[in-house]
Amino acid sequence: MHDGAPAGVEIDLAGLWTNVPCPTVVVDRAGVVRALSDSAPSALPGVHLGSPLEEAAAWLSSAHRDLVTTSAGSLTGENSVASGTVGGRKFDAHPAVLAGGEVAWSLVENTGQLLREAQRALAREQERTAFLLEASSVLMASLNVDRCREATVQMAARHLADAAVVIAPVSHGRRLPVFYSGPAGVVEQRSVDADPAEVGGLGEALRGFPPVPSRWIQPDTVPDWLIPQDFTGPVGSVMIIPLPGHGVSAGALVLLRHTDQSVFSEDDEVFARLFAARAGAALSAARLYAEQAAITRTLMRDLLPPRLHGLHGIEFAGGYRASEDYEVVGGDFYDLHPGATPEDETLVVLGDVCGKGLDAAMMTGKIRNTLQALTPLADDHQGVLRLLNTAMLATESTRFATLVLASVSHRDGAVLLRLTCAGHPPPLIVRDGGHVEQADTKGTLVGAFPRITLQTFETCLAPGETCVLYTDGVTEARGGPLGHDFFGEERLATALTGCAGLPAEAIVERVLMMTTQWVGRRAHDDIAVVAITAPRRTYLSAVDGHTRGRYTA
């Protein structure tokens, strides 16, 4: 017989609660489950008839014990709602005191709290996603390694910790490049003489090993050199994460929090590694760009035409403009190989390799190196060009070139000039008074045929007279009022008529300026111009008031 039931009446307590739709458990004062609804196991998987409630839910057993203890003799269950978690689900348990002293606990899932937590988690993930997108945009915007490190440490201090430090890999020596950013967001760079192996996890991070969990790193062991100057107070927690690069470590990121902040959680570490992966990729891209830029600068020094200047009392000037604004080198080139004394010949070379861009520039470099080696034979222009022709035919390249050689020297008080063209436009000579003369030299282009024919022209330059060497990028420049006319030899000769007596540098600038104005914004070929001017103080003897020129076949 059940306590409290009328005499002679048996109450099946277990059967009474079976069909209650709400998950419900009936518990006696001793904490033993006496009845439960069919739906109760869905909320409390471990609940069973006759077993202690504590085996199913410790938090509910504790609430039951508090209820029967504090309300002994007068159980009401009012304002005794208990809350707890079962299998990751939140429940509110509402008690109802039965006549026999048992308590029926009805469980209602707290979906409101779950929703709020889900909303908070979603908002947190949205913020993190937005930050990672911002980080990718900011970090990849700069291909400067130091600026990328500064952005990394600044963003990490603002979003991931109270302060951040980036340690760059050591290229040589023991001094570590270190970048700091504290609460104020100011970035400081220092070079520190320290051994990273003395800091737990730092040496491994710099070698690209997996990160050491933050809980393994003792905050009180962090050395002073690893803490930003504006970070006040002791370090509460520290995280050290490698910055992964493309096969080579891009450095290490150190995150610091104050003692009054929560320690880094596993979730924090996962998020920090996502940021570090982006930072490492950006740093690697910047490092590769810096290396390639250094290699390019080294190569360009050999590919770009040299800056010309006066030599042995003779003015030399050169100008070059590549075919496109974004290209630095191309197929046009010039070189100057100085003679040892004023009486020795100085060799000037101007040429044009077919094509444009880097491929043409590479062939240009090979031709210039070959001519450099053939300089001792420069007394014989035709011999030099024939040897160059043989060398170019021996390569697999199908590119050919046009060239003009000019040898200049002081002889008997005069400036002597020898010119030989190989498939190249003949140089123009600006005589005293403005008359423009075309050098009588011609020849076969180089690198196309086994045999080439050449004709050399010799002349003298009077004081103030100039010989202008140019590539077809000048005369074949399309433009003008209609946009498709060539600049042409005639227009160039007319322009040079007004250049009589000008310095070599001024003549080169005038030709380049007029050509640029002619083409406007249209595409054009590579352009190269060289001017050779006799000094005004040189006295030249004249025959019938004129200098004479001659050519040899």
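# Helix α11 and its surroundings

In this predicted model, helix α11 passes helix α12 in a right-handed crossing.

Student: How many helices and strands does the protein chain have?

Tutor: The protein chain has 553 residues, of which 47% count as buried. Among contacts with a separation of 6 or more, 62% join residues 24 or more positions apart. As for its secondary structure, the protein chain has 12 helices and 24 strands.

Student: By class, how many residues in the contact of α11 with α12 are nonpolar, polar and charged?

Tutor: On the α11 side, the contact involves Arg-491, Leu-492, Ala-495 and Leu-496. These meet Ile-507, Arg-510, Val-511, Met-514 and Trp-518 in α12. Sorted by class, the contact has 7 nonpolar, no polar and 2 charged residues.

Student: Where on the helix do the buried residues of α11 lie?

Tutor: The buried residues of α11 are Gly-488, Leu-492, Ala-495 and Leu-496. Seen down the helix axis, they fall within an arc of 120°, so they line one face of the helix.

Student: Which exposed residues does α11 carry on the face turned away from its buried side?

Tutor: The buried side of α11 is covered by elements including β16 (428-430), β17 (436-438), β20 (466-470), α10 (472-475), β22 (485-486) and α12. The face turned away from that buried side carries Glu-490 and Thr-494.

Student: Is Thr-346 buried or exposed?

Tutor: Thr-346 belongs to strand β13, residues 346-353. Leaving aside neighbours within four places in sequence, its contacts include Leu-311, His-312, Phe-316, Leu-336 and Val-408. The relative accessibility of Thr-346 is 3%, and the cut-off for burial is under 20%. Thr-346 therefore counts as buried.

Student: What is the phi of His-312?

Tutor: His-312 is found in the loop between α7 (266-303) and β11 (315-321). At 25% relative accessibility it lies between the cut-offs of 20% and 50%, so His-312 counts as partly exposed. Although His-312 is not a glycine, its phi is positive, at about 55°.

Student: How far apart in space are Ala-414 and Ala-534, C-alpha to C-alpha?

Tutor: Ala-414 lies in strand β15, residues 414-422. With 11% relative accessibility, Ala-414 counts as buried. In sequence, Ala-414 and Ala-534 are 120 residues apart. In space, the C-alpha to C-alpha distance between Ala-414 and Ala-534 is 8.9 Å.

Student: What separation do the C-alpha atoms of Glu-266 and Ser-214 have?

Tutor: Glu-266 is placed in helix α7. Its relative accessibility is 59%, so Glu-266 counts as exposed. Along the chain, Glu-266 and Ser-214 are 52 residues apart. Their C-alpha atoms are separated by 8.6 Å.

How values were computed: Residues are numbered from 1 along each chain as its sequence is written. This is a predicted model: local features need pLDDT of at least 70, side-chain atom pairs count only at pLDDT 80 or more; totals for chains, interfaces and linings use all residues. Side-chain values use heavy atoms; hydrogens and water are left out. A crossing is left-handed if the near helix is turned anticlockwise from the far one by less than a right angle, and right-handed if clockwise. Helices (H or I, at least four residues) and strands (E, at least two) are DSSP runs, numbered from the N terminus. Contact means heavy atoms within 4.5 Å. Ala, Val, Leu, Ile, Met, Phe, Trp, Tyr, Cys and Pro count as nonpolar, Asp, Glu, Lys and Arg as charged, and the others, Gly among them, as polar. Buried means under 20% relative accessible area, exposed over 50%, partly exposed in between (1.4 Å probe, protein chains only). The arc is that of the directions from the helix axis to the C-beta atoms.
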